[in-house]
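Please look over the sequence and the model shown here before turning to the points below.

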Amino acid sequence: MSFKIESVLTLQKKKFQSKISMLTCYDFQTAQMLNETDVDLILVGDSLGNVILGESTTLSVTVEHMKIFGKAVKKGAPNKFVVVDMPFASYDTVSRGLRHASDILQFTQAEAVKIEGAYPYQCELIERLGMIGVPVMGHIGLRPQSVHTQGGYHKHGKDSESKMKLMQESKNLEAAGAFAIVLECVEEELSKKITDSLKIPTIGIGSGSKVDGQVLVINDLFHNGKNDPPKFCHPVINLFEEKQKWLKKYIEEVKKGQ
Ligand code: KIV
């Protein structure tokens, strides 16, 4: 078990050495648990909008949310490289992105931020953040913050136009200085092509196994919720049902006066 914190440089070396494991986390105690594992990266994802706040999209997540949850996670996992999502509309201009990213990192003490998309102004933002010392993880394919323009949650990179676009986006993110890229729900063969064509690591979710690493929402891995997780996720346990059993037992014992 290794407790040495990763850096963007050690992570990038891993591309050619071993697979990178990343999990989301939103609270102090789970972060403490992850801190004592070999997981390479922790993501304080804006998926907290779904699994913590019960929203149907991530659009209502704010910078304040990311700061509060990000700080709790970093406190629990001081030895881990923690990436915090920039939430919806917090980087709609380069200057707002610079301000919010530095605010999030100063407050949470996390190591990096993640942004969704690769439009030219976003690449400029990544470059500018790099200049002030903020590592940025990119995120392309399914971008939950753009669910309404992308027409829902579905696979990307199926037709030739979308394939070319995703390939170009990954190149642009790398050129801008992103230290890694999340590929969410990207068609498997395209994920492999993108991975093979980049020097920086790709971290897949719902994008097959031919990528440099994998990320999952931790609540999905443990089936914490009532609803089934996305099809690509195979939970290791059904904690919702397990906890229900223990709750039933507790309530029965209280009723019996025990
Ligand atoms: O918010 C999140 O949890 C994410 C992962 C799904 C990559 O962005």
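Over the face of which residue does Lys67 lie? Lys67 lies over the face of Phe107, at 5.0 Å from the ring centre. The model is a predicted one.

**Aromatic rings and charges**

- The ring of Phe107 also has the charged end of Lys71 over it, 4.3 Å from the ring centre.
- The structure holds one aromatic pair. Its members are Phe81 and Phe179, and the pair is edge-to-face because the ring planes stand at 65°, with the centres 5.6 Å apart.
- This pair links distant parts of the chain, its two residues being 98 residues apart. Phe81 belongs to strand β3 (residues 81-85), while Phe179 lies in the loop between α8 (160-176) and β6 (180-184).
- Phe81 and Phe179 are both buried.

**Helix α2**

- Helix α2 spans residues 28-35, and its buried residues are Thr30, Ala31, Leu34 and Asn35.
- Viewed down the axis of α2, these buried residues fall within an arc of 145°, so they line one face of the helix.
- The elements that cover the buried residues of α2 include β1 (20-24), β2 (41-44), α4 (63-76) and α10 (218-221).
- The N-terminal end of α2 is capped by Asp27, which has a side-chain oxygen 3.2 Å from the backbone nitrogen of Gln29.

**Surroundings of the ligand**

- There are 13 residues around the ligand, and those that come nearest are Gly45, Asp46, Ser47, Asp85 and Lys114.
- In the side chain of Asp46, an N or O atom is 3.0 Å from an oxygen atom of the ligand.
- For Asp85, a polar side-chain atom lies 3.1 Å from an oxygen atom of the ligand.
- For Lys114, the separation between an N or O atom of the side chain and an oxygen atom of the ligand is 2.8 Å.

- Ser47, one of the residues that come nearest to the ligand, is placed in the loop between β2 and α3 (48-51).
- With a relative accessible area of 14%, Ser47 falls under the 20% limit and is therefore buried.
- Leaving aside residues up to four places away in sequence, Ser47 touches Thr24, Tyr26, Thr58 and Val217.
- Thr58 is located in the loop between α3 and α4. Its relative accessible area is 3%, so Thr58 is buried.
- With residues up to four places away in sequence again not counted, the contacts of Thr58 are Asp46, Ser47, Asn50, Pro144 and Gln145.

**Residues with a positive phi**

- Most residues other than glycine have a negative phi.
- Ala89 is not a glycine, yet has a positive phi of about 65°. Ala89 is found in the loop between β3 and α5 (94-108).
- Is Ala89 buried or partly exposed? Ala89 is partly exposed, because its relative accessible area is 30%.
- Cys185 likewise is not a glycine and has a positive phi, of about 50°. The position of Cys185 is in the loop between β6 and α9 (188-197).
- Cys185 counts as buried, because its relative accessibility is 10%.

Note on methods. Residues are numbered from 1 along each chain as its sequence is written. This is a predicted model: local features need pLDDT of at least 70, side-chain atom pairs count only at pLDDT 80 or more; totals for chains, interfaces and linings use all residues. Side-chain values use heavy atoms; hydrogens and water are left out. Buried means under 20% relative accessible area, exposed over 50%, partly exposed in between (1.4 Å probe, protein chains only). Helices (H or I, at least four residues) and strands (E, at least two) are DSSP runs, numbered from the N terminus. The arc is that of the directions from the helix axis to the C-beta atoms. Contact means heavy atoms within 4.5 Å. A polar contact is a pair of N or O atoms within 3.5 Å; within protein, one must be able to donate a hydrogen and the other to accept it, and residues adjacent in sequence count only if both atoms are side-chain atoms. Rings of Phe, Tyr and Trp (its six-membered ring) pair if their centres lie within 6.5 Å; planes under 30 degrees apart count as stacked, over 60 as edge-to-face and the rest as tilted. A charge sits over a ring if NZ of Lys or CZ of Arg is within 6 Å of the ring centre and within 35 degrees of the ring normal. A residue is near a molecule or strand if one of its heavy atoms lies within 4 Å of it.
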